[in-house]
Amino acid sequence: MSTLLGRRVLLRPLTRDDFGAWREVRRRNRARLKQWEPRPIPGRPDTAEDPRAFSERCAARRRERQQGTGYGFGVFVDGHFRGEMNLSSIQRGPFQSCYVGYWIDEAVGGNGYTPEALVVAARFAFEELRLHRLQVSIVPRNAASLRVVEKLGLRYEGLAERYVEINGVWEDHHRFAITEEEWRVRAPELIAEWIAPLPVAAGPTG
């Protein structure tokens, strides 16, 4: 599968060759990410420390792409791995929907890379995968993730109580969504703001 390009970010599937960069970023962000992610399964090796476990994770993502059930992307900025943007649990039939999950290296947070990557992923989901609906679920206290959907103006659907197990606790989640109909209306605005190249300023005249 080809890479997906934004204005400043590049999205592509991770491979085992990315292990060194993955380990470095995940180690630095371990404490912060722990509070937003499901608790690791006991006895399973840590993908940030075990290259074989990371390779198996990449292989699992590859199988998901082949089966059309998920599309996981590494987010790269200036050629450096900085996080992930994942389309998961893709359902076809009458649903044509998926869940979106993401995280970004704290060292580059606040620069708008995540909303840009989400617009790139949404365009891929709606225009290439032909999905009808994307959902983003966020723990209420996760202010950084909430800023992402707020910047993009995703529609709020309500609070899902005890929705997902996060770090051993069943956490409430705010649910946000965008449908293909909304995308068709808003795509020109979102692409112009986050993906399209900025116009080159004219040089001095005279």
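Reader: Which residues have the most contacts inside the largest nonpolar core?
Author: The model is predicted. Its largest nonpolar core has 43 residues. Those with the most contacts inside this core are Leu-11, Met-85, Leu-87, Val-100, Tyr-102, Leu-134 and Trp-183.

Reader: Which element gives this core its largest share, and how many residues does that element contribute?
Author: The largest share comes from H3. That helix covers residues 113–127. Its contribution to the core is 10 residues.

Reader: How many of the residues of H3 are buried?
Author: H3 is largely enclosed by the rest of the structure. Buried here means under 20% relative accessible area. H3 has 15 residues, and the buried ones number 13.

Reader: Is Thr-114 buried or exposed, and which residues does Thr-114 touch?
Author: Thr-114 lies in helix H3. Its relative accessible area is 10%, so Thr-114 is buried. Leaving out residues up to four places away in sequence, Thr-114 touches Met-85, Tyr-102, Ile-104 and Val-148.

Reader: Which residues does Trp-183 touch, not counting residues up to four places away in sequence?
Author: Trp-183 is among the residues with the most contacts inside the largest core. Its contacts, beyond four places in sequence, are Val-119, Ala-122, Arg-123, Phe-126, Glu-127, Ile-178, Leu-190 and Ile-191.

Reader: Which residues does the second, separate core include?
Author: This core has 11 residues. Among them are Val-25, Leu-33, Ala-48 and Phe-54.

Reader: What is the phi of Asp-78, and where is Asp-78 found?
Author: Asp-78 is not a glycine, yet its phi is positive, near 55 degrees. Its relative accessible area is 68%, so Asp-78 is exposed. Asp-78 sits in the loop between strand E3 (71–77) and strand E4 (80–91).

Reader: Is Arg-162 buried or exposed, and what is its phi?
Author: Arg-162 is found in strand E7, residues 155–166. Its relative accessibility is 56%, so Arg-162 counts as exposed. Although Arg-162 is not a glycine, its phi is positive, at about 45 degrees.

Key
Residues numbered from 1 in each chain as written. Predicted model: local features only at pLDDT ≥ 70, side-chain atom pairs only at ≥ 80, totals over all residues. Heavy atoms only, no water. Helix = DSSP H or I, 4+ residues; strand = E, 2+ residues; numbered from the N terminus. Buried < 20%, exposed > 50% of the residue type's maximum accessible area, 1.4 Å probe, protein only. Contact = heavy atoms within 4.5 Å. Core = buried A, V, L, I, M, F, W, Y, C linked by side-chain atoms within 4.5 Å.
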